[in-house]
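Here is a short note to read beside the structure. Take the points one at a time and find each place as you go.

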Amino acid sequence: MKIAIIGFGSVGKGIASIIRDKGLGITVTAIADSKSAAIDNDGLDIQSVFTAKENSGICGKIGLTPDDVISDADFDVLIEVTPTDAETGEPALGYIRRALSSGRHVITSNKGPVALKYPELKALADENGVEFRFEATVCGAIPIIFSLQNGLAGNKIKRIYGVFNGTCNYILTRMADEKLTYSQALLEARELGYAEADPTYDVMGIDAAIKLVILANTVLGYEKTLEDVEIVGINMITSESLQLAGEDDLTIRLIGEIDCEKEMLRVMPRVLPKNHTLVVQDTLNAVTAETDLAGEVTLIGRGAGSVETASAIIADLLFIRKLNGRCA
Amino acid sequence: MKLEVRDLPGQLLEALKPISEVGGNIKSVIHKRDPLSENGTLDVQIQLELPEGKLDEMLDLIKRSNVNILRVGEEQHLIRKSFILIGHLLHTDLSDTVQKIDDTGFAEVGELSMVMPAINEPTSAKMTIKSDSLKDIDRALDILRDIAVKKDILIIEPLEDF
């Protein structure tokens with residue numbers, strides 16, 4: 001099976017190194033970053049692409065673009081892992097459309113295109129008889145989409161709720177445990193690389209809200225947008241409020257919730273008992289699905305990180321290979 | 001609640017079963033064998049906690065088990081929900097906020113603890129609202145939400161009822 005990787009940041013590198021090290025029988029014929037691309041239809045030597053990126057900051061030939069990769073390289077599956085744009089979904093959206101239209105399977109970790117255009121992209125994939133998969137867009141390493149669509153098939157899902165953002169979870173954990181102020185905990189999260197230089201997306205609850213939109217549209221068949229989500233972030237939370245909650249063995253977590261009865265999506269800080277299943281520590285994510293047959297099912301795991309996100313993408317990739325028999 | 005039970009083996013158990021069937025919790029049972037009434041029955045007094053909205057169901061079940069209900073006593077505010085509030089609570093007239101809940105007649109503010117870190121810093125508080133039913137607590141919460149929007153207060157609600 002031949003794949004092309006567009007985006008050679010931490011996730012792209014994670015995928016390439018897993019393929020290099022694990023002997024999965026996958027050939028990488030193209031890798032593109034923001035300024036260049038390397039294409040070899042017989043299969044790239046992944047180690048030399050890493051070396052080139054390290055030495056010169058680019059992975060291949062300057063002037064070659066992701067569009068050149070899609071039109072010229074020989075591949076079965078496009079792995080699209082460029083940075084996300086939640087407002088337009090571009091340029092990822094364009095790459096995904098072109099790859100699907102040309103009869104290639106697509107796997108993405110990019111939230112924007114899935115949150116904005118899932119029905120269109122799914123229809124395009126179906127028309128062309130290919131798969132469009134995006135496990136990595138929600139909760140990193142946790143196979144939440146696969147579990148809801150396949151593992152819990154036949155169940156009626158009543159409610160999905162949980163901790164969808166590791167950055168917020170880290171900040172709240174540190175505020176409760178060490179009595180840090182919100183700004184101190186945020187600063188610490190930044191220093192450890194858990195929060196971006198501009199943390200707005202995470203701390204204002206937008207990242208969690210986008211994940212809810214993706215689950216609602218892909219697993220539950222809704223047609224929601226970010227505007228349909230009631231969002232409150234964690235930026236107003238005080239250290240004192242966590243201490244007050246702590247006196248009653250309670251704590252505060254940022255909880256994303258889809259209420260299927262009311263078709264309502266919301267992200268907001270909530271009070272929970274400290275021993276609640278969803279009160280996970282540090283950057284962990286945890287999601288509970290309430291169903292009619294299986295009752296409550298909770299998945300806990302790492303929601304971010306290059307190898308963790310790559311894990312979800314590799315799983316999608318091996319799933320596609322299984323569906324299609326071992327091609328090439 | 002006062003029940004009339006026939007003085008036969010197993011009757012008391014029969015009378016108590018419906019309480020657990022609807023998820024209730026028996027607090028105390030006073031079981032007087034004496035005085036036995038003329039028709040061979042005895043009185044049992046039970047104090048219990050019931051989940052919201054389960055009273056009628058339980059009374060039906062008891063009636064079906066051939067036990068006479070003599071009297072159903074007073075219900076007390078048993079349902080409580082705690083919230084965290086963050087904002088300039090004092091500057092926005094806290095007593096007015098509490099008063100608006102107490103004035104409803106169906107809910108009241110039970111407890112309120114506050115921490116004020118420094119002047120001009122937002123105050124954090126934990127507020128418990130008590131009522132007879134979850135529905136009334138939610139009605140009170142709606143009022144609180146309105147006040148919160150006007151006074152720019154953040155309300156953090158519990159995830160589940162506990």
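1. **The main core.** The model is predicted. Start with its largest nonpolar core, which has 77 residues. Within this core, A:Phe132, A:Leu215 and A:Ile237 touch the most other members. Helix H10 of chain A, residues 206-218, gives the largest share, eight residues. In general, nonpolar side chains tend to be buried together in soluble globular proteins.

2. **One core residue up close.** What does A:Leu215 touch, leaving out residues up to four places away in sequence? Its contacts are A:Val138, A:Ile144, A:Ile145, A:Leu148, A:Ile160, A:Phe164, A:Leu220 and A:Ile258. Another core lies apart from the largest one and has 30 residues. Among them are A:Met1, A:Val11, A:Ile19 and A:Val77.

3. **A buried histidine.** Find A:His105 in strand S6 of chain A, residues 105-108. Is A:His105 buried or exposed? Its relative accessibility is 10%, so A:His105 counts as buried; the cut-off for buried is under 20%. Leaving out residues up to four places away in sequence, A:His105 touches A:Asp76, A:Val77, A:Leu78, A:Val130, A:Glu131, A:Ile320 and A:Asn324. One of these, A:Val77, is also a member of the 30-residue core.

4. **Two helices side by side.** Look at helix H4 (residues 92-101) and helix H5 (residues 111-127), both of chain A. They pack at an angle of about 10°, and their axes are 10 Å apart. H4(A) and H5(A) are therefore roughly parallel to each other, because angles under 35 degrees count as roughly parallel. On the H4(A) side, the contact is made by A:Ala92, A:Leu93, A:Ile96, A:Arg97, A:Leu100 and A:Ser101. H5(A) brings A:Pro113, A:Lys117, A:Glu120, A:Leu121, A:Leu124 and A:Ala125. By class, this contact has eight nonpolar, one polar and three charged residues.

5. **A cis peptide bond.** Which two residues does the cis peptide bond join? They are A:Glu90 and A:Pro91, with omega about 0°. A:Pro91 lies in the loop between strand S5 (77-80) and H4 of chain A. Most peptide bonds are trans.

6. **Where the chains meet.** The contact takes 23 residues from chain A and 16 residues from chain B. About 1800 Å² is buried between chain A and chain B, and carbon and sulfur atoms give 69% of that area. In chain A, A:Met236, A:Leu244 and A:Val271 lose the most area to chain B. Together they account for 33% of what that side buries.

7. **Two positive phi values.** Most residues other than glycine have a negative phi. A:Glu263 has a positive phi, near 50°. A:Glu263 lies in the loop between strand S10 (250-259) and strand S11 (264-273) of chain A. With a relative accessible area of 40%, A:Glu263 is partly exposed. In chain B, B:Asp152 has a positive phi of about 55°. The place of B:Asp152 is the loop between helix H4 (134-151) and strand S8 (154-158) of chain B. B:Asp152 counts as exposed, at 60% relative accessibility.

8. **A serine in a loop.** A:Ser34 lies in the loop between strand S2 (27-32) and strand S3 (36-39) of chain A. Its relative accessible area is 73%, so A:Ser34 is exposed; the cut-off for exposed is over 50%. How many residues apart in sequence are A:Ser34 and A:Asp85? They are 51 residues apart in sequence, and 14 Å apart in space, C-alpha to C-alpha.

Conventions:
Residues are numbered from 1 along each chain as its sequence is written. Chains are lettered from A and ligands numbered from 1 in the order in which they are written. This is a predicted model: local features need pLDDT of at least 70, side-chain atom pairs count only at pLDDT 80 or more; totals for chains, interfaces and linings use all residues. Side-chain values use heavy atoms; hydrogens and water are left out. A nonpolar core is a set of buried Ala, Val, Leu, Ile, Met, Phe, Trp, Tyr and Cys residues joined through side-chain atoms within 4.5 Å. Buried means under 20% relative accessible area, exposed over 50%, partly exposed in between (1.4 Å probe, protein chains only). Helices (H or I, at least four residues) and strands (E, at least two) are DSSP runs, numbered from the N terminus. Contact means heavy atoms within 4.5 Å. Axes are lines fitted to C-alpha atoms, for helices over the stretch in contact, and angles run from 0 to 180 degrees between N-to-C directions. Angles under 35 degrees count as roughly parallel, over 145 as roughly antiparallel, 65 to 115 as roughly perpendicular and the rest as oblique. Ala, Val, Leu, Ile, Met, Phe, Trp, Tyr, Cys and Pro count as nonpolar, Asp, Glu, Lys and Arg as charged, and the others, Gly among them, as polar. Buried area is the accessible area (1.4 Å probe) that two parts lose on being put together, summed over both.
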